[in-house]
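These are my notes from going through the structure entry by entry.

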Amino acid sequence: HEPKYLKDYRPPAYWIDTIDLQFDLYEKEVIVTSFMKIQRNNEQAGEHTPLVLNCQDADILHVVAGDMVLLPGEYERGEDYFKLNRVPEQFTLEIKNRLTPQNNTSLEGLYKSSGTFCTQCEAEGFRKITCFSDRPDVMSRFSCIITADENKYPVLLSNGNLVKKGKLENNRHYVKWEDPFKKPSYLFALVAGDLVCIKDTFTTCSGREIDLHIYVEAENKDKCGHAMASLKQSMAWDEQRFGREYDLDLYQIVAVNDFNMGAMENKGLNVFNSKYVLARPETATDQDFMNIQGVIGHEYFHNWTGNRVTLQNWFQLSLKEGLTVFRDQEFTADLNSRAVKRISDVKNLRTLQFPEDAGPMSHPVRPESYIEMNNFYTMTVYEKGAEVIRMIHEILGREIFRKGMDLYFHRFDGRAVTTEDFIQTMEDAAGVDLSRFRLWYSQSGTPRVTVRRTYNEKRRQLTIKIAQTTPPDHNQQQKKALHIPIKFGLLDKNGKDITPPEHHLLELKSLEKEWVFDDIPSETVPSLFRGFSAPVIMDTDLTCEELSFLMAHDNDAFNRWDAAQQLYFREIDTLISGLQSHATPTVSSHVINALEKALKDPHMDRALMAKTITLPDENEIGEKYEIIDVDAIHSARQFLRQSIAKELEGLFMEIIDSGSAVDPKDLSHNAMAHRSLVNAALSYVAALESPQSQEIIYQHFISSGNMTREIFSLTLLCDMTSPFTGPALEQFYEKWHTDPLVMDKWFSVQAGATVPGTLDKIKSLCRHPDFTWKNPNRIRSLIGVFGMTNPFVFHQADGAGYQFFADKVIDLDKINPQITARMVSVFNRYKRYDARRRELMKNQLKRIHDVRGLSRDVYEIVSRALG
Ligand code: DPP
Ligand code: ZN
């Protein structure tokens, strides 16, 4: 398990200009024939440089170089490579090999999902299909012939355009696909199955008509409307916002049930986890609808940021992912509520990326080494990477940023490039110096930014001192000052914005800096990092009164929400200290007052109101502490929730009653916003734990009319000890047991409960006939939810949660290493718990580490955690 290093990158010794593939698909095996035109890269290699191709699991049957048949002794075959010691400057190479996709449970390379053949090649899966230079800087023109039984596999797809098809003997048929665009092997795709096709078209800005095809299993035919509408929205948005037009005449999406990731942007043939395609209001929540729109957009936007301009090597992953996440965030923000989108993204970043960046897996946005590339599809590369792009956007402004993007596409279309190329282009387009800014790509860790004020009454002068520090970690012992953009505002005591126009953006480029503002009235309140303008942890000297004021008056919606969050954190912190010293807890009146004011605000958007009244979750709260006291956090949060519920019950009931006015099938922003507010109110009412409140939730459950209401009320019922819980779970099961995506939710709500007996329940659910270790969505919905989002049960003091989890990790690694590596990361932060839990978790890590034949994926995570 040797690491690869960015510093060792060299351009390839050989180019592969074209590759013509043929796949003969049979029930027991697949025969792959590959015909490549190879050309030496004279800048890197000479006549003595061997040709080395990546090759894993492939059973080689036949090799022809030029017109010579090579016998096994005439080529070298290692565990993961194929080698020819002497080759001419230009030659052709044909390799025939055998695969057994039906035994491939890793879901990487060619595999079968519910009877459909499909591929997943990113990052390094193409080498599991055939021998190739499986690296993104080798770009080739691909063609692909597929032959298969016509009854079992009427649909045969690959990248690009269909150029030929016909019948063969023995009831078989064939197709030939050609992709006119050169691409790296990670963008290759093949699908063969018995699927139905939903068709539509899109006319591009230059008037070309593009065929849009979505392929799904027949029973899902009526669940594709939203995905198709989202695809058309994506195509139109990329034209309007970035001037990018689609390039092929056909865009295909296939939904499969078994998929490790969310979706994959293969050129002209996206393969999707069915979770991000299929939706009807009865089966999918409003959040699912939003996620589908976002992921369809994300994969579509990759056509320019990723496919047309691709990566020089995998260390550059954020070049396409950070940029494409930024683009999909903007897409969602432009089409829906910008503030709601920003709040969800920041919450996600704080709950998942900040901890990653403070733990053993911490790495820069551009990592410097990896053992298994799949482990670096991280929150840091994706979400922090998107924040880095967003900061550039903030510094340059929208128009100059667009100018930079145009130049980037102009310079690098058809090429494999680096994050440095991107930054350089932005500098050139904008005429700015981003030399210090580049540190965001190379330095890991979350900066802490401290803000301190002094006000001189006499001179009416406000001084704001801002300082930054990033804690040292295994990547860098000494951290440098980053270039941090701070969107800024000043509010006078009536809430009027009095920001001097030249100070809407403060740029901190040193360890500390002071800004002095003249002629500022007393009681002026600053608003910092508006819209969360940089991915930092901020520490201010704002009082609770000032936070309540910002919550009511800031003209930045994100900061209004964030002020509420800070108030909750402070309150919970006080409650936790109280619990730890056995004092009688009480909730401060200013929190209740601030909430009441927000709930009575007639102008506030309901979706924002829902976000504002929702308390931070237990993982988010834990993040604030050096040593995480899971029990105290759970109790303090519960206590706060119950106290708010008791004080404001009347208001919550009014909101719940108003919910019946909304059509459950309406997917407009207003309807979704209303439902999210009703759910937030229901959650408070559930906290009352009275027989009446249980009755209200149950009534809500049986009369729901859509999945948003149905699953939320079921979640609340599962989290209480109530006579309604069992019957509700049974009714839900009866109604939905034939729909796998809905069944995932049924598993999740039970895995996330904090009532006594939850761990035993989860153990028995592992033996449920509908549970399977072969389906990533199912594993994530039960084991993933338990490990990642249920800290109270996972960290139960006797270590039974850890033991169970480690047992499952060890078994699952033999089936699907990629998913297992994700799961095992829950142990990464064992040092953040008390001595006893720390020891218990460490023991499980050691136990996993010592398993014979552990995958590279899991080995890398576990050895870093222990290291
Ligand atoms: N399919 C994954 C994504 O789109 C990896 N490229 O992010
Ligand atoms: Zn992506």
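What do β5 and β6 form, and which residue in the turn has a positive phi? I found that β5 and β6 form a hairpin with two residues between them, and that G66 in the turn has a positive phi of about 60°.

**Ground rules.** I noted that this is a predicted model, in which local features need pLDDT of at least 70, side-chain atom pairs count only at pLDDT 80 or more, and totals for chains, interfaces and linings use all residues. Residues are numbered from 1 along each chain as its sequence is written, while chains are lettered from A and ligands numbered from 1 in the order in which they are written.

**Entry 1, whole protein.** I counted 26 helices and 31 strands in the protein. Along the principal axes, the C-alpha atoms fill a box of roughly 90 × 65 × 60 Å.

I then looked up burial. A residue is buried if 20 or more other C-beta atoms lie within 10 Å of its own, exposed if 12 or fewer, and partly exposed in between, with C-beta atoms placed from the backbone. By that count 48% of the 867 residues are buried. For contacts I used C-beta atoms, placed from the backbone, within 7 Å of each other. Of the contacts with a separation of 6 or more, 70% are between residues 24 or more positions apart.

**Entry 2, strands around β5.** I called two strands paired if DSSP finds at least two bridges between them. β5 (residues 59–65) pairs with β9 (residues 90–99) in the antiparallel sense over six bridges. β5 also pairs with β6 (residues 68–70), again antiparallel, over three bridges. I checked A65 against both partners: A65 stands opposite L93 in β9 and opposite M68 in β6.

**Entry 3, a three-strand sheet.** I followed an open antiparallel sheet of three strands in the order β4-β8-β7. Its edge strands are β4 (51–54) and β7 (76–77), each of which pairs on one side only. β7 and β8 (residues 81–84) are joined by two bridges in the antiparallel sense, with E76 opposite K83 in β8.

In the model, residues 445–540 are 0% helix and 45% strand, with end C-alpha atoms 20 Å apart.

The expected span of a helix is 1.5 Å times one less than its number of residues. The twelve residues of α18 (residues 725–736) should span 16 Å, and the end C-alpha atoms are 17 Å apart, which agrees. The buried residues of α18 are T725, A728 and F732. They cover an arc of only 65° around the axis, which puts them on the same side of α18; I took the arc from the directions from the helix axis to the C-beta atoms. The face turned away from the buried side carries the exposed residues G726, E730 and E734. Cover for the buried residues includes α16 (691–702), α17 (707–718) and α19 (740–751).

The 14 residues of α23 (residues 800–813) should span 20 Å, and its end C-alpha atoms are 20 Å apart. Its buried residues include G801, Y802, F804 and F805. Among the elements covering the buried residues of α23 are α20 (758–765), α21 (776–789) and α25 (835–849).

Most residues other than glycine have a negative phi, and most peptide bonds are trans. I found a cis peptide bond between E122 and A123, with omega about -5°. A123 lies in the loop between β11 (116–120) and β12 (141–149).

F532 has a positive phi of about 55° although it is not a glycine. F532 sits in the loop between β30 (525–528) and β31 (537–539). Is F532 buried or exposed? F532 is buried, with 23 other C-beta atoms within 10 Å.

Methods. Helix = DSSP H or I, 4+ residues; strand = E, 2+ residues; numbered from the N terminus. Contact = placed C-beta atoms within 7 Å.
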